[in-house]
Amino acid sequence: MKILVISDNHGDQEILNSIKSQMTADAIFHCGDSEGSPTDSFFDGTSYVRGNNDFATGFPEEVSRKVGKLTVYMTHGDKYGVNFDLNRLALRAAEVDADIVLFGHTHKLGVEWQNNRLFVNPGSILLPRGEYSRIGGTFAMITVTDTNFEVDFYNRACQKVPELKTIIKR
């Protein structure tokens, strides 16, 4: 099973459509700050949440969704202090019994394994920050197998960035 995760495109709707047309996934999640509208065609068949820069109505604050046998929880992250640590987000993930936790907001890509939960921030597809900002924008693809979570990061041209691959035993 493949889960595509995008965040923080900040008004660049073309990149969303480009990624969606080039990548194949069983589920697509957008972690907020699209600066678009829930009625945009990109969001057809996509789970999405409101970011701190999303002002259109209709964006939920959080989503908890079954994908296969796994529960995926997503929020933007600004309400959970993710710029400082994942403690509050981890508590919410435990409340909803999430297997996978998706968030954005920091514009910094990352993968963590905490308390048998996979936390993924795909980074910002438009305005990356941190150690990997040189890539020029990233999104993530989570491949779920019977034994592993494999997280790959891609650049704006939908090219895999091999040195960022993370494999975590389930």
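Entry one. Ser124 has a relative accessible area of 0%. The cut-off for buried is under 20%, so Ser124 counts as buried. I keep in mind that this is a predicted model.

I then placed Ser124 in the chain. Ser124 sits in the loop that runs between strand E8 (117–121) and E9.

Next I asked what polar partners the side chain of Ser124 has. A polar atom of that side chain lies 2.7 Å from the backbone oxygen of Asp8. On the list too is the backbone nitrogen of Leu127, 2.8 Å from a polar atom of the Ser124 side chain.

Leaving out residues up to four places away in sequence, Ser124 touches Ser7, Asp8, His107, Gly137 and Thr138.

Entry two. I moved to helix H1, residues 13–22. Which residues of H1 are buried? I noted Ile15, Leu16 and Ile19. They lie on the same side of H1, because they cover an arc of only 105° around the axis.

I checked what covers these buried residues. The cover includes strands E1 (2–6), E2 (27–30) and E9 (139–144). E9 is also one end of the loop that holds Ser124.

Glu14 and Ser21 are exposed, on the face of H1 turned away from its buried side.

Last, I looked at the start of H1. There a side-chain oxygen of Asp12 comes to within 3.4 Å of the backbone nitrogen of Glu14.

Conventions. Residues are numbered from 1 along each chain as its sequence is written. This is a predicted model: local features need pLDDT of at least 70, side-chain atom pairs count only at pLDDT 80 or more; totals for chains, interfaces and linings use all residues. Side-chain values use heavy atoms; hydrogens and water are left out. Buried means under 20% relative accessible area, exposed over 50%, partly exposed in between (1.4 Å probe, protein chains only). Helices (H or I, at least four residues) and strands (E, at least two) are DSSP runs, numbered from the N terminus. The arc is that of the directions from the helix axis to the C-beta atoms. Contact means heavy atoms within 4.5 Å. A polar contact is a pair of N or O atoms within 3.5 Å; within protein, one must be able to donate a hydrogen and the other to accept it, and residues adjacent in sequence count only if both atoms are side-chain atoms.
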